[in-house]
Structures are given as C-alpha cells and as structure tokens.
Amino acid sequence: MSRNESHALLVSPTQDEGARQRFALGLKRTLGRRLRPLRRVRFEQKRAACESPEAVEAVMREDPVDRFWQALNRDTQERMWAAVAAPLEREEQRLAQQFRDLSAEHVHGGTLRLDPGVATPSYLKGIAIHLQPGGYTLDRSQDDVIAGALYEAGGAIYSAGAGIGVGQSKAEIVSTWLAQRFPGFAPRRILDIGTSAGASATPYAQHFKGAEVHAIDVCPGLLRYAHARAEALGVAVHFRQMAADRLDFPDDFFDFVVSHNLMHEMPPATTAGMFRECARVLAPGGITVHQDVPLRYAGLSAFEKWDYGWDRDHNNEPFWLEFAAADVKAMLQEAGFMPAEVFETILEQADGSMRWFVVGARKGLR
Ligand SMILES: C[S@@+](CC[C@H](N)C(=O)[O-])C[C@H]1O[C@@H](n2cnc3c(N)ncnc32)[C@H](O)[C@@H]1O
C-alpha cells in the first residue's frame, strides 16, 4: 500500500541524471515552500484593496519579484520534466519489451483491453497537463508506455517537491478512513476511474484481498504502463480504455467506485456525467469516493484565488479553478444520490505533509 512502490518498470537514473533530478527537486521545493509566500508579502506591501483575483493581477502585473518567481517556477517545472524524461527515453526499448513480456504472460490474472472506439476527450488533445511531455495522450506505437512511465516518475518528484511523504498512498489514506467511517465495508468489485499509471488501483487490490478490481482511463499509453506495472507488482487489475462519463459496465455492478485527483482535470460537465455513472453502476449499499486537491474557492480571499490561479494559467491545469468553485456535494445529489447519502471531508497524510479533499456517497438500500 505504500506510495511509490518499487517494481521492474522503474528506471534508475545515472549519476548525472540523478543530479539533474535532485537539482530540479530542490529548486521546486525552494520555490514552493520558501519563496511562494513572498507573493503575499509583495502584495500586502502594495496596500491595495482588491475584491477579485483580476484586481490582484492588475496590481501585481508589474511586480519584478513576482514576475521573477513566476518565470522561475515555470522554468523549474519544465526542467523537472526534462530530468524525469531523460532516463525513460534512454530505456524506452527496455520498457516496451517489459510491456510485451508482462502483458503476454498475464501470470497474475490482470488484463488490458484497449478500445480505439473510445474518443479522446477534446480537452486532453494537444495539451500537456501540468507540462508532462507529450501529454497524457502520448501514444506512438502499440507498445508505447512512456506516458505512464512519465506520469509515475514525475509524480514521485512532484510529491517530493510538495513535501508529501512517501510512506502512504492516497488509496491507503482513503481505505483507512473507509474502515473508520463504514466499519466492515468489504467491496467485492471495485472500479478506479482515471487510473493513469494505476498507482491507486493496485493498493486497493492489495488492501481488499479477493476483490475484483477494474480500472479505466481514456489514454492507451497510460493504460499499457499501468497494466505492465500491476503485473510487475504481482497484482491483478483489469484495465480498460473507457471514459468516466460513459462506463461500459452494467447497473449495480460495483460495491466501490473511486477516483483520485481526477475531478480537477475534467470539465465540470464531465465530472457531473461521471457522478451519474457512479450512481448507476453502484450496487445498493455501495460507496463512491472522489479524492482531490484541497482547493476550495469558498472562503478564499481575492489574493488566494489569484495565487491558486497560477497553475491554471502557467501549468496547464485548465479546470483547476472551475473545480475549486464547484459545489461537488450538490453535483452528487444532482447525479441521483440522496442528500443523506452524500459526504465530504478532509483527510491528511499521516506525516501531516498534505491535506486531501474527499467527497462521495453511499448508495442507500432503495
Ligand atoms: C491526475 S491523473 C489521475 C491520477 C491517478 N488517479 C492516481 O491516483 O495516480 C488524471 C487521469 O484522468 C484521466 N482522464 C481524464 N479525463 C478522463 C475521462 N473523461 N475519462 C477517464 N479518464 C480520464 C487522464 O488520462 C489521467 O490519466
């Protein structure tokens, strides 16, 4: 269940590559933890009464210190990805071979089903979300796993850069909370939506032993990697190419439907469609949980809204602020869950490094 589990698809950087990664990581941490607070200091020094993030932008536009921070922050993000990509490119052929071998063997019972009929959502086309090289949709051959490899390797540096401890996966945090909130909950069929490299699907399969675990995503390069990774870990997961708001599963099929860090990367209309599908595919008594960044607009000052908006404008997170402004609990009710079935909470990494927003519902025995 630990975060960043070791397995055969991981690539060890050379001395030089490692040094570049550590440099990018150090710079990222300094910019995020130590220098970002300077934005507020610079703003407060201007003594401007701003009612909106746009007004803050007008005040800060010509601030040289803030401009410098912004340029360096963007550059560091690009530098980080370049440092992550180099070893993967060097070992691209080995990774493709690993995929071929592991998916031919299926020794652990996992499967992969890609479906060229599944359309890539327009919002993922031609955009590199948080600057991942090639974007999630990178898919250059029938054994291209680089999108997934980048996602996992980048995620490890990302979380370290944000100071998130390596000991606890997001799935572990949710499983621990589920056991407290719904004692005895033991799902037999689980679905992980927007699984990416599958780093949340495998911990659920390990935690809920005997459960049949399915995981979907729209991007083939991510799913190939996720499948090979799960097989390398010896964990059975059924990966399929499918859209969150168009699930090809029967009604009442799952006991547990989960997504991690997905809502902030989809347009609200797609999230609403996903919630409707959750209400449909969940069996009575089943639970759906959606974990994401703790970015809630309500209660934020104009300065904070402006500050958080940086990722939308400069880190290719197009739906960051729409997610922050959404009333997700109300969306779940609109999707068919009863008010009493819906819950919302904040969960914390055990080491206190990060807080997560969690929303969901337990479908009543109707
Ligand atoms: C931030 S990643 C999720 C990370 C992953 N759940 C984890 O915990 O490591 C978002 C994922 O959602 C996928 N995605 C975006 N829109 C989707 C949709 N409409 N249906 C299914 N997956 C989608 C992307 O391809 C990407 O892999």
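**View 1. Helices H1 and H2 are oblique to each other****.** The angle between H1 and H2 is about 40 degrees, and their axes are 5 Å apart. Oblique is the word left over once angles under 35 degrees are called roughly parallel, those over 145 roughly antiparallel and those from 65 to 115 roughly perpendicular. Axes here are lines fitted to C-alpha atoms, for helices over the stretch in contact, and angles run from 0 to 180 degrees between N-to-C directions. Helices (H or I, at least four residues) are DSSP runs, numbered from the N terminus. On the H1 side you will find Gly32, Arg33, Arg34 and Leu35, which meet Pro37, Leu38 and Arg39 of H2; contact means heavy atoms within 4.5 Å. Sorted by class, this contact has three nonpolar, one polar and three charged residues. Ala, Val, Leu, Ile, Met, Phe, Trp, Tyr, Cys and Pro count as nonpolar, Asp, Glu, Lys and Arg as charged, and the others, Gly among them, as polar.

A word on the model: it is predicted, so local features need pLDDT of at least 70 and side-chain atom pairs pLDDT 80 or more, while totals for chains, interfaces and linings use all residues. Residues are numbered from 1 along each chain as its sequence is written, and side-chain values use heavy atoms, leaving out hydrogens and water.

**View 2. Helices H2 and H3 cross at roughly 85 degrees****.** Helix H2 spans residues 37-45 and helix H3 residues 53-60, and their axes come within 10 Å. That angle makes H2 roughly perpendicular to H3. Look for Arg39, Arg42 and Phe43 in H2, which meet Val56, Val59 and Met60 in H3. This contact has four nonpolar, no polar and two charged residues.

**View 3. Helices H1 and H4 pack at an angle of about 155 degrees****.** Helix H1 covers residues 15-35 and helix H4 residues 64-90, with their axes 9 Å apart. H1 is therefore roughly antiparallel to H4. Among the residues making the contact are Phe23, Leu27 and Leu31 of H1 and Trp69, Met80 and Val84 of H4. In all, the contact divides into 12 nonpolar, four polar and five charged residues.

**View 4. The ligand is surrounded by 22 residues****.** A residue is counted if one of its heavy atoms lies within 4 Å. The closest are Tyr123, Gly194, Asp217, Ala244 and His260. In the side chain of tyrosine 123, an N or O atom is 2.8 Å from a nitrogen atom of the ligand. A polar side-chain atom of serine 200 lies 3.0 Å from a ligand oxygen atom.

How values were computed
Helix = DSSP H or I, 4+ residues; strand = E, 2+ residues; numbered from the N terminus. Polar contact = N/O pair within 3.5 Å; in protein donor to acceptor, adjacent residues only side chain to side chain.
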